[in-house]
Amino acid sequence: VAARSTLEGAVLDGRYRIDRVIAHGGMSTVYRATDTRLERTVAIKVMDPALASDQTFLERFSREARAVAQVNHRNVVAVYDQGSDDGHVYLVMEYVPGKTLRQVLYADGRLDAPQALTVLENVLAGLAAAHQKGLVHRDIKPENILLGEDGGIRVVDFGLARAVETSTITQTGSPLLGTVAYLAPEQISQNKADARTDVYYAGVVAFEMLTGTPPFEGGTAANIAYRHVHE
């Protein structure tokens, strides 16, 4: 963890001053930062160094970031910029004070029906806006749903799953194994995804919001994937 925090205090591309770590993920670290040019607070996702050295990933990452930046919707976290500085590949996004849905579920166990439906409605609205632009998220889960202090509900990380999937470092094993509880059957059996895939993810998240657990859990990742396909 100490090694991952070395960017604190650094300035990326002479513009983005890294303030503090917000969250760690399997493929990235998210920081709160300051855009010194526009004098605004932003969130910066810095990708794992192994991905930063993969040209296939870099090309896809850049394309996906440009595409997501075209989505202007209140339920999708805005993407402002993307770049690379001294081996640090990063994505600059809207900073949303608040909690992830995962943090809320950890604390409360589950949501009541009105709360769950409110979250679901906003998530689906954000997905619909992205789908109209031809974008598929491919990794909807509680960690990627932000519940803002302002009451807004936003989806984050559009396009990132698709970019990571192209990386040579993930070809020997799915980069989404950690989220196998949400995978759609067609991703598992056919390695395909479209707008309907996101709807399946949203259904799994809705199930978890209402019951406190995903529909399939326990056992190995392969067992959970099998159940998604056959049950």
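In helix H4, Ala113, Ala116, Val119, Leu120, Leu124, Leu127 and His131 meet Ala195, Asp198, Ala202, Ala206, Met209 and Leu210 of helix H7, a contact being heavy atoms within 4.5 Å. By class, this contact of H4 with H7 has 11 nonpolar, 1 polar and 1 charged residues; Ala, Val, Leu, Ile, Met, Phe, Trp, Tyr, Cys and Pro count as nonpolar, Asp, Glu, Lys and Arg as charged, and the others, Gly among them, as polar. The model is predicted, with pLDDT of at least 70 needed for local features and 80 or more for side-chain atom pairs, while totals for chains, interfaces and linings use all residues. Residues are numbered from 1 along each chain as its sequence is written, and side-chain values use heavy atoms, leaving out hydrogens and water.

H4 spans residues 113-132 and H7 residues 195-211; the two helices pack at an angle of about 165 degrees, with their axes 10 Å apart. H4 is therefore roughly antiparallel to H7 (angles over 145 degrees count as such). Axes are lines fitted to C-alpha atoms, for helices over the stretch in contact, and angles run from 0 to 180 degrees between N-to-C directions. The crossing of H4 and H7 is right-handed, a term for a near helix turned clockwise from the far one by less than a right angle.

The protein has 8 helices and 9 strands, taken as DSSP runs (H or I, at least four residues, for helices; E, at least two, for strands) and numbered from the N terminus. Buried residues make up 45% of its 231 residues, where buried means under 20% relative accessible area, exposed over 50% and partly exposed in between (1.4 Å probe, protein chains only). Among contacts between residues at least 6 apart in sequence, 56% join residues at least 24 apart.

The largest nonpolar core holds 50 residues, of which Leu101, Leu111, Val119, Ile145 and Met209 touch the most other members. Such a core is a set of buried Ala, Val, Leu, Ile, Met, Phe, Trp, Tyr and Cys residues joined through side-chain atoms within 4.5 Å. Leaving aside residues up to four places away in sequence, Leu101 touches Leu111, Val119, Pro142, Ile145, Leu147, Val205 and Met209. A second, separate core of 11 residues includes Leu12, Tyr16, Tyr31 and Tyr90.

Glu39, not a glycine, has a positive phi of about 55 degrees. This residue lies in the loop between strands S3 (28-35) and S4 (40-47) and counts as exposed because its relative accessibility is 71%. Arg138, also not a glycine, has a positive phi of about 75 degrees. Arg138 is found in the loop between H4 and strand S8 (145-148), and counts as buried because its relative accessibility is 12%.

Conventions:
Angles under 35 degrees count as roughly parallel, over 145 as roughly antiparallel, 65 to 115 as roughly perpendicular and the rest as oblique.
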